[in-house]
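Here is a short briefing to read alongside the model. Have the viewer open, and we can go through the fold together.

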Amino acid sequence: MAVQSMTGFARASAEQDGASITWELRSVNGKGLEARLRLPPGLERVEQAAKQAIQKRFARGNIQASLAVVRSGSSARPVVNEAFLEEAAALAQRLQARFGCAPATADGLLALRGVLEVPELADDEEARTALDTAILTVLDEALSGLEHARRAEGEALSSILLGQVAAIEALVLRAEADPSRDPGVIRERIGAQVRVLMGAAGAALDESRLHMEAAILATKADIREEIDRLKAHVEAARRMIETGGATGRRLDFLAQEFNRESNTLCSKSNATAVTAIGLELKVVVDQFREQLQNLE
């Protein structure tokens with residue numbers, strides 16, 4: 001199963017007893033799953049079933065679903081609630097005069113719920129049931145299209161994410177192989193620094209104390225655990241991306257762990273080379289986490 005992006009578009013249409021049914025779906029990023037439906041007047045009854053169909057398909061994303069049902073040759077005509085329209089227009093004029101709002105437009109006023117009413121498209125219970133079934137069938141087709149669009153974008157996103165994971169791995173290996181991590185090198189560098197300080201103070205240098213302090217500092221500066229954890233995180237991230245599915249939340253948590261280990265590596269570093277690697281690592285981790293925001 002491939003990973004999915006949270007962005008996509010799909011459209012599906014069908015005919016049912018002279019009625020043209022069209023669903024348009026748009027999906028964008030979201031922390032969770034939110035489905036917003038725009039339904040023609042009189043068809044609010046399908047809202048709950050439509051939301052359940054969306055929830056069965058997706059785990060995350062803000063999804064806007066618009067339904068249009070047009071009956072060809074129908075004698076049913078829209079009915080304008082003129083009293084409500086006049087009240088809305090008067091309110092818009094008062095707001096414009098008092099607050100300088102933009103003037104109301106005819107299409108904007110007619111789009112208000114309750115202004116424009118359309119008689120029922122289906123007259124009897126059997127016809128309504130057939131229409132509802134057709135509406136949900138077309139929705140299922142549109143959801144398949146949206147799923148395909150999100151998966152196609154997810155495949156492209158997978159390549160980017162795997163490339164960033166590979167960059168993280170390369171930086172970790174560079175930090176692991178850096179010669180400044182050798183205990184002997186650490187001890188020599190600390191010794192040179194202490195000699196300068198002790199010489200400036202005019203005091204004798206206690207070699208045994210020097211070795212002890214160097215060992216303590218070398219232990220504190222050891223980044224072996226951070227490197228091991230970063231390697232484990234790299235393998236986990238690669239496995240999640242290749243396995244696919246709704247892994248966005250888990251990968252985001254893993255990105256936080258990448259960032260935590262990178263910070264620790266920088267704080268424990270005793271050499272400019274390792275610090276530079278740590279800072280570069282933080283940049284790549286930030287890029288990785290930014291891309292994850294598009295992932296389901």
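Which residue in β4 is the bridge partner of Ser27? It is Ile63. This is a predicted model, where local features need pLDDT of at least 70, side-chain atom pairs count only at pLDDT 80 or more, and totals for chains, interfaces and linings use all residues. Residues are numbered from 1 along each chain as its sequence is written, and side-chain values use heavy atoms, leaving out hydrogens and water.

**Overall make-up**
- The protein chain has nine helices and six strands (DSSP runs numbered from the N terminus: H or I, at least four residues, for helices; E, at least two, for strands).
- Of the 296 residues in the protein chain, 34% are buried (under 20% relative accessible area, 1.4 Å probe, protein chains only).

**Strand pairing**
- Strands β2 (residues 19-28) and β4 (residues 61-71) pair in the antiparallel sense over ten bridges; pairing requires at least two DSSP bridges between two strands.
- Strand β3 (residues 33-38) runs parallel to β4, joined by six bridges, and Arg36 has Gln64 in β4 as its bridge partner.

**Aromatic pair**
- Phe258 and Phe288 form an edge-to-face aromatic pair, 6.0 Å centre to centre with 85° between the planes (ring centres of Phe, Tyr or Trp, its six-membered ring, within 6.5 Å; planes under 30 degrees apart are stacked, over 60 edge-to-face, the rest tilted).
- Phe258 sits in helix α8 (residues 248-268) and Phe288 in helix α9 (residues 272-292), so the pair ties together parts 30 residues apart in sequence.
- Phe258 is buried at 0% relative accessibility, and Phe288 is buried with a relative accessible area of 0%.

Methods. Buried means under 20% relative accessible area, exposed over 50%, partly exposed in between (1.4 Å probe, protein chains only).
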